[in-house]
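Here is a short report for a reader meeting this structure for the first time. It covers a sheet and some salt bridges.

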Amino acid sequence: MLVSSIVAGGLVGLAISFRNLPDVRQLRNFVPSETTYIYDINGKLLTSLHGEANREVMSLDRISPNLKRAVLASEDSHFYDHHGINPSGVGRALIVNLAAGSVREGGSTVTMQLVKNLFLSQKRAFTRKLAEGVLAIRLEQILSKDQILEMYLNQVYWGHNNYGVQTAARSYFDKSAEILTLAESAMMAGLIQAPEEFSPFANMELAKRKQREVLGRMLELNWISQQEHDDALQQELKFGRIRSFQGSALPYVTNTVSQELVQKFGREALIKGGMRVQTTIDADFQTMAETTVSKWSTRLSRQGLRGNEIALVAIDPRTHFIKALVGGVNSRASEFNRATQAQRQPGSAFKPLVYYAAFATGKYTPDSIVQDSPVRYRDGSGWYSPRNYDGGFQGSISVRSALAQSRNIPVIRVGMAIGMNKVVETSRTLGIMSPMAPVTSLPLGAIGITPLELASAYATFANYGWQSPATVMARVTDSSGNILLDNTPKPQLVLDQWASAATIDVMRSVVTSGTGRGADIGRPSAGKTGTTSSERDIWYVGTVPQLTTAVWVGRDDNRPLSRGATGGGMVAPIWKDFMQQALKGVPSENFKPPSQFQRPKP
C-alpha cells in the first residue's frame, strides 16, 4: 500500500507538472529571430544586423541533402521512424545515467532537442528529460517530420554566434547551405554537441575527428558508400571566417539605414526581424565619395584648415534617392554623421531659398533691380545694420548679380519685402525642419541646417518643384520577400515650376560669373557658395539635372577654420572634383529655361 501510494502520488505530481508545460501548438506560428541584411543598390552586402542570434532561415528543400543526412546520422538516425522519443536511445541513456548517479547521456531525439532549445532550460536533470519527452510527443502530433527537421536545422546553435544552417555554412565554408559537400556537412554536423570546442577555427584536430565519426556513422547506416566515405575524408576543405558582429563596409550609410528602420519598425524588428534592405547607394560610388573627402581633408589641412571635417551628400533630383552620404573624414575615428545629424549655419547657401520665395510671388524676376545700399532695421531694443562681405555697396543691381556676387543687403531687402514668414514657409515645404524664426538675419543663413536638408532643397529646385522624400532606402522586405517598405518615387509638385527654374537660372550665374567659378565642371551647372561669419562653416551646394551635391567643411568644436576661408575658394574645388568623377559617362544636359513654364501672377 505504501509503495502504491508513493507511485500514485508521483504520477499525480508528474501529471500536474506536465499540465504546466508550454503549449507546443504555438509553434505552428513560430517565427525565429533572424538577421537583417543591408545591401547596396546592386545587391552587394554592406552589413548584417542581429542580436544574440545571427540567423538566416532556410527552407528544408534548399538545404543540402548531405547536411540533412549528416545531422540525422549524428543526432537521430531513427528520426523518421519514432514519434518524438526513441525508446532504445532512452533506454541506453537511462542505464548509463543510473550507473553514474547523474545525467551523463541524453538519448535526445532531434524533436526533444528542438523543444529543449525553444522552451526549457539547459540544466541537466531527470525532470527536464521527462518534460522533453512529453513535449516532443506533443510536437510530433501537430507538425510533420519535415517541419520539425526544418525548424531544428534553423534553430540549432553552430558556434561563433551562428544560429541555423545558413549563417553557419557562410561562416565556416563561405558558401550557402544549399551546396555543402559531404565532407563539409559531416564537419558541421560534428559541431552540434559542442560547437565552440569542436570548431575548426578553434581546434582543427578535434573538428577533423568529429568529421570522421560522423562519416563513420553514415557508412555504418549504409547512407553513404565506402568510396564516398573515403573521398570525403580526403577532400581538402576551404574555410571562411568568423562573420558575427563584423563592422559595416560603409558605416555612414548603414548606420543611417539602421536609425530609419528603428524609427519605422522598432529595434526588435531591426535585430530579429530578418529584413532585407536595398539601399539607394552604389558601394563603389560611395567609396569614391569617401576617398574624395579624405583626400581633400588632407589638402585643406596643408592650407591651414586644421581639424577640419567634411560632409558630402549627393542626391538624384529626379528621384530624391541619396547616391552618396559621407558624414565625416574618417568613419572609424568618428561615426557621428555630420551629413544627417550636424545642424550648421548655411550662410549664403541659404539665399536661393529667399529668392525662390520672391520669384514665387510673381513680383520678382532674375532681372529685377534691387538696392545694394546701406539700410538698418529695428531689432528688438536696438538696430540691425547688415553689411556685405567686402564692406562696400554697389547701388542698384539685378537679382542675378546680387546672388552671383553673394551680396547680403539685397537679399535681406527682398526677404523683408516679401515677409520673412514666407521664407520660413518655403523652407518647411522644402523639408528643412530645423528651428527657425522670421528674423531680419534669416536670409543670411543664421539657422542650423543639415547638409542632407540643404541638398534635398536644391534637388527640388533642380527638378522644377517636383519632390519625393529624400531617402537612402529603396526597398525593404522580410526574409520571405514580402514588401515592408517601398520607396519607389512618388513625386509631388510642391513648388512653383517657373520660380524653381528661375532660381536655377540665377544660380547658373554663380558658376559662370560669380563666387562659384571654382565649381565650373565644363557642363551646365547651378550652385551657391556659403561662408558664415568668422569662417566657422563653408559650403558649396550645386546641381546638374541628374545629380545634386552639397559639401560642407567645418570643425566639430565650431571654432573658426582660418582667416579668409570661403566656400568659393576652398569647397567649390571639392565639389568640382567629386562631380567630375561622379558624372563620368553621364551625358551633359541643360536645364529647362524659365520660359518653358508659366510665370505666377503677382
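A residue counts as buried when its relative accessible area is under 20%, and as exposed when that area is over 50%; partly exposed lies in between. Arg407 has a relative accessible area of 5%, so Arg407 is buried. The model is predicted.

**Salt bridges**

The structure holds 18 salt bridges. Three of them are set out here.

| Pair | N to O distance |
|---|---|
| Arg407 and Asp390 | 2.9 Å |
| Lys210 and Glu213 | 3.0 Å |
| Glu56 and Arg276 | 3.9 Å |

Start with Arg407, whose salt-bridge partner is Asp390. Arg407 sits in the loop between helix 16 (399-404) and helix 17 (408-418), and Asp390 in the loop between strand 10 (382-384) and strand 11 (395-398), so the pair ties together parts that are 17 residues apart in sequence. Arg407 is buried. Asp390 is exposed, at a relative accessible area of 53%.

Lys210 has a relative accessible area of 12%, so Lys210 is buried. Glu213 is partly exposed, with 45%.

The side chains of Glu56 and Arg276 also meet in a salt bridge. Glu56 belongs to the loop between strand 2 (45-49) and helix 2 (65-75), while Arg276 belongs to strand 5 (residues 276-279), so this pair ties together parts that are 220 residues apart in sequence. Are these two residues buried or exposed? Both Glu56 and Arg276 are buried. They also belong to a network of salt bridges that links Glu34, Glu56 and Arg276.

Five of them form an open sheet, in the order 7-6-18-17-16. The pairing is antiparallel. Which strands stand at the edges? They are strand 7 (321-326) and strand 16 (526-531). Each has a single partner strand, so one side of each is left without a neighbour in the sheet. From one strand to the next, the twist averages 10 degrees.

Look at strand 16 again. Six bridges join strand 16 to strand 17 (residues 537-544), and the two run antiparallel. Ala526 has its bridge partner in strand 17, namely Thr543. Helix 20 (residues 497-513) lies across strand 16 and strand 17. Helix 20 runs at about 65 degrees to strand 16.

How values were computed:
Residues are numbered from 1 along each chain as its sequence is written. This is a predicted model: local features need pLDDT of at least 70, side-chain atom pairs count only at pLDDT 80 or more; totals for chains, interfaces and linings use all residues. Side-chain values use heavy atoms; hydrogens and water are left out. Two strands pair if DSSP finds at least two bridges between them. Helices (H or I, at least four residues) and strands (E, at least two) are DSSP runs, numbered from the N terminus. Axes are lines fitted to C-alpha atoms, for helices over the stretch in contact, and angles run from 0 to 180 degrees between N-to-C directions. Contact means heavy atoms within 4.5 Å. A salt bridge is a side-chain nitrogen of Lys or Arg within 4 Å of a carboxyl oxygen of Asp or Glu. Buried means under 20% relative accessible area, exposed over 50%, partly exposed in between (1.4 Å probe, protein chains only).
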